[in-house]
Amino acid sequence: MADIIQFVPKHELASSENLKEFIRLCKHDLEVFGNNLNWNSYYWPEAGITFGNINNTKGVHDKVNIISEPLCEFAKAYVRYKAGTKIKNSLIMRGFKCIEQALMQLFERADIADVNIAVLDLAADIAKKRFIENPKSPYQAGCQIQNIASFVTENRLVANNLSGWEHGIKNASGTPRTGQQAQAEREKKLPDLEAIHAVAEVFASNPTSPRDIFTSSIVAMLLCAPSRISEILSLPVDCEYFDQTGKKTKHMVGDSFRAKTGNR
């Protein structure tokens with residue numbers, strides 16, 4: 001397993017020096033996306049990401065619509081440092097696209113060192129106006145802007161204090177959970193009765209194919225307890241077994257009992 005490298009800012013250094021060291025660490029010390037990563041490219045196939053600005057909608061890998069320097073250098077470092085988190089690189093880039101656009105409008109240059117509250121407010125406003133392909137997109141972009149602001153403040157990468165800033169973009173409401181519309185949405189996801197009976201017949205016929213055994217067994221278990229679907233694929237082999245909890249009585253118990261009692 002590769003060593004975990006964490007950036008630790010030095011409080012005695014200026015934010016500009018911490019920023020230089022952070023970029024150096026991500027560029028030369030980290031091995032995320034491989035040792036042969038072409039850092040200077042604006043397209044990283046290993047990460048599935050293009051460092052394009054807000055006008056780059058076609059994945060063009062040239063200098064026409066890329067994030068301007070020196071912000072792009074920091075964006076590359078941030079993406080590499082944050083790799084392994086549950087946040088998709090494409091979502092992270094939405095935050096940088098909005099920040100770059102805001103910086104260009106206010107300063108006619110894009111440098112993370114210039115980010116202040118006014119830049120963040122404008123970036124959030126840009127997110128609301130530009131990312132409209134999905135009702136939740138503006139909120140997602142706003143979250144990434146806020147994450148970047150928190151990161152540069154906590155790691156002393158900028159001189160301005162951005163702590164406490166929030167994007168203020170409301171998240172679009174999801175699917176309703178009650179009422180006739182919610183009921184109709186749930187019923188649309190259900191298989192018809194014929195399909196259920198067909199799977200039941202397969203289950204009752206003692207199938208020999210591993211695929212049939214797996215599928216029909218899962219359906220049978222979920223019909224009994226559908227809310228426990230997350231546990232199905234994490235069940236260990238031989239999770240059911242008999243254990244004698246008294247002098248004479250044997251009980252079928254599961255892996256949770258085995259973990260609690262230490263019995264094997």
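Which residue follows α5, and what is the value of its phi?

Modeller: R156 follows α5, and its phi is positive, near 55 degrees. Most residues other than glycine have a negative phi, and most peptide bonds are trans.

First, the ground rules. This is a predicted model, in which local features need pLDDT of at least 70 and side-chain atom pairs count only at pLDDT 80 or more, while totals for chains, interfaces and linings use all residues. Residues are numbered from 1 along each chain as its sequence is written, and side-chain values use heavy atoms, with hydrogens and water left out.

Now the setting. The protein has ten helices and four strands. Both are DSSP runs, numbered from the N terminus: helices are H or I with at least four residues, and strands are E with at least two. Along the sequence, the pattern is α-β-β-α-α-α-α-α-α-α-α-β-β-α. Of the 264 residues, 33% count as buried. Buried means under 20% relative accessible area, exposed means over 50%, and partly exposed lies in between, with a 1.4 Å probe and protein chains only. Contacts tell us about the fold too. Among those between residues at least 6 apart in sequence, 55% join residues at least 24 apart. Contact here means heavy atoms within 4.5 Å.

Back to α5, which covers residues 137-154.

Next, what is hidden. The buried residues in α5 are S137, P138, A141, G142, Q144, I145, I148, A149, F151, V152 and T153. They pack against α1, α2, α3 and α4.

Take α4 from that list. Helix α4 spans residues 117-130, and it packs on α5 at an angle of about 160 degrees, with the axes 8 Å apart. That makes the two helices roughly antiparallel. Two definitions stand behind this. Axes are lines fitted to C-alpha atoms, for helices over the stretch in contact, and angles run from 0 to 180 degrees between N-to-C directions. Angles under 35 degrees count as roughly parallel, over 145 as roughly antiparallel, 65 to 115 as roughly perpendicular, and the rest as oblique.

The crossing of α4 and α5 is right-handed. On the α4 side, the meeting residues are L120, A123, A124, A127 and K128, while α5 brings P138, A141, I145 and A149. By class, this contact has eight nonpolar residues, no polar ones and one charged. Nonpolar covers Ala, Val, Leu, Ile, Met, Phe, Trp, Tyr, Cys and Pro; charged covers Asp, Glu, Lys and Arg; the others, Gly among them, are polar.

Now turn to α2, another partner of α5. Helix α2 runs over residues 71-82; its twelve residues should span 16 Å, and its end C-alpha atoms are 16 Å apart, which agrees. Eleven of the twelve are buried, so α2 is largely enclosed by the rest of the structure. Those residues are L71, C72, E73, F74, A75, K76, A77, Y78, V79, R80 and Y81. They pack against α1, β1, β2, α3 and α5.

How does α2 sit on α3? Their axes come within 11 Å and cross at roughly 160 degrees. So α2 is roughly antiparallel to α3. This crossing is right-handed. From α2, the contact uses L71, F74, A75, Y78, V79 and K82; from α3, it uses N89, I92, M93, F96, I99, E100 and L103. The classes come to ten nonpolar, one polar and two charged residues.

Finally, the loops. P70 lies in the loop between β2 and α2. The peptide bond from E69 to P70 is cis, with omega near 5 degrees. E108 sits in the loop between α3 and α4. Its phi is positive, near 60 degrees. At 68% relative accessibility, E108 counts as exposed. N206, in the loop between α7 and α8, has a positive phi near 55 degrees. N206 is exposed as well, at 65% relative accessibility.

Notes
A crossing is left-handed if the near helix is turned anticlockwise from the far one by less than a right angle, and right-handed if clockwise. The expected span of a helix is 1.5 Å times one less than its number of residues.
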